[in-house]
Amino acid sequence: MATLRELSEITGYSIATISRVLNGDETLKVTENTRTMILEAAGRMSYPNKQNINRKNNLSEHLKLGIVEMVSVEESEKDPYYLYMKNNVEKCCFSNGIETFAMQYDMREGCYRSAVSRELDGILAIGQFREEQIIAMKKCTSRIVFLESSPFPETFCSVVPDYEVGIRQGVDYLVEQGHRKIVFVGPEFSTDSTCRQAPELRRKIFSEYLKQCGEEVQGVQMDAEWQGDDVAEQIVQYVRSLSETEERPTAFFTYNETTALGVLRALQIMGYQVPEDFSILSYNDTVLATVTQPQLSGIRIHIEEMVKNAVWLMERLVKGEDDIPLKISVPSTLVVRESVKPVYHFE
């Protein structure tokens, strides 16, 4: 993971400015270009490319791939997860001698456009897309690999994080640390692989897995959008609403890091200490997890590994090695830092 000092040396901005940008401080007056530059630099340094560049006698050297993103620049600044994924796609393709071209969706014409004049060899699509957008991609090329979603798995290759493994890792860790009342903080609904509203997957898995943990472990579902300011306000209201006779939660398990920052901000506003008073376990584990005080423990989604597998699937499609679309589910890893404290129970 990059340090604030290293980011400061690379970008030219002060450590204080970088810290406030990464922590989503909306009171900081900087340009959108500055925010994007800092987030992209953090993404590049957070996930170093470990591949050796070898472009000789490599089919990949001649490939031209379109990169399609579901989010805008403004959205990626709120949750840089997809920005980091795009940066890793570009680095991995560069390492393999693959040319990439950004593609934009023309809503009026119902098609994707890019700066390349010749036919693309394939498309790497990052995120979730509506069915009409997927149809528009197919008009450009039949070779499409999806990252972070799996629409029409009988037709398209995809690489997704294994959320079931991640949630189980997180719950097991918190229970092992003695936590018996855990609040999952996240939206009730999110979009599925074709942008239709569906129950949020991580929250659903959390609820189902808690039922297997026995009656001594209690799970609380807290509806919250993932933007930090909204989460902070709701956490303040929730904690203040707890009665003196009610068992207090000891841990918050959050939908993503932006949500975790909102929870942390709310607890600090109320004068609580993390992890002394409440523990926080985050999800995604990007550079944001290391610039907070305390640093966030979390479930790491292996973005670099997902990207490497997506590029491998694309090369396989171009070679025509198999007509069967593959779906690769990449497991996560528990990363222990400072934001979770054991809870001891005395009989």
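Start by selecting the open sheet of six strands, whose order is β2-β1-β5-β6-β7-β15 with parallel pairing. Strands here, like helices, are DSSP runs numbered from the N terminus (strands are E with at least two residues, helices are H or I with at least four). Two strands count as paired if DSSP finds at least two bridges between them. Strands of a sheet pair through backbone hydrogen bonds, either parallel or antiparallel.

Before moving on, know that this is a predicted model: local features need pLDDT of at least 70 and side-chain atom pairs count only at pLDDT 80 or more, while totals for chains, interfaces and linings use all residues. Residues are numbered from 1 along each chain as its sequence is written, and side-chain values use heavy atoms, with hydrogens and water left out.

**Stop 1**

**Stop 1**

Now select helix α11 (residues 303–319). It packs on the sheet and touches β1 (64–69), β5, β6, β7 (157–161) and β15, where contact means heavy atoms within 4.5 Å. The direction of α11 makes about 170° with that of β7.

**Stop 2: strand β7**

Is β7 mostly covered or uncovered? It is mostly covered, as five of its five residues are buried. Buried means under 20% relative accessible area, exposed means over 50%, and partly exposed is in between (1.4 Å probe, protein chains only). Show the side chains: C157, V159 and P161 point one way from β7, and S158 and V160 point the other way. In a regular strand the side chains alternate between the two faces of the sheet.

Next, look at the partners of β7. Three bridges join β6 to β7 in parallel, with L147 opposite V159. Four bridges join β7 to β15, also running parallel, and here P161 stands opposite V330.

Step into the loop between β6 and β7 to find F152. Although F152 is not a glycine, it has a positive phi of about 45°. F152 is partly exposed, with a relative accessible area of 28%.

**Stop 3: strand β13**

Select β13 (residues 279–284). Six of its six residues are buried, so the strand is largely enclosed by the rest of the structure. β13 pairs with β12 (residues 251–254) in the parallel sense over three bridges, and F252 has I280 as its bridge partner.

Zoom in on I280, which is buried at 0% relative accessibility. Its contacts, not counting residues up to four places away in sequence, include F252, A260, L264, V274 and V340. The C-alpha atoms of I280 and F253 are separated by 6.0 Å, although the two residues are 27 apart along the chain.

**Stop 5**

Which residue has a positive phi of about 60° although it is not a glycine? That is D285, found in the loop between β13 and β14. D285 is buried, with a relative accessible area of 1%.

P294 is in the loop between β13 and β14 (297–300), and a cis peptide bond with omega about 0° joins Q293 to P294. In the loop between α10 (257–269) and β13 you will find P275. The peptide bond from V274 to P275 is cis too, with omega near 10°.

Notes
Axes fitted to C-alpha atoms, helices over the stretch in contact; angles between N-to-C directions.
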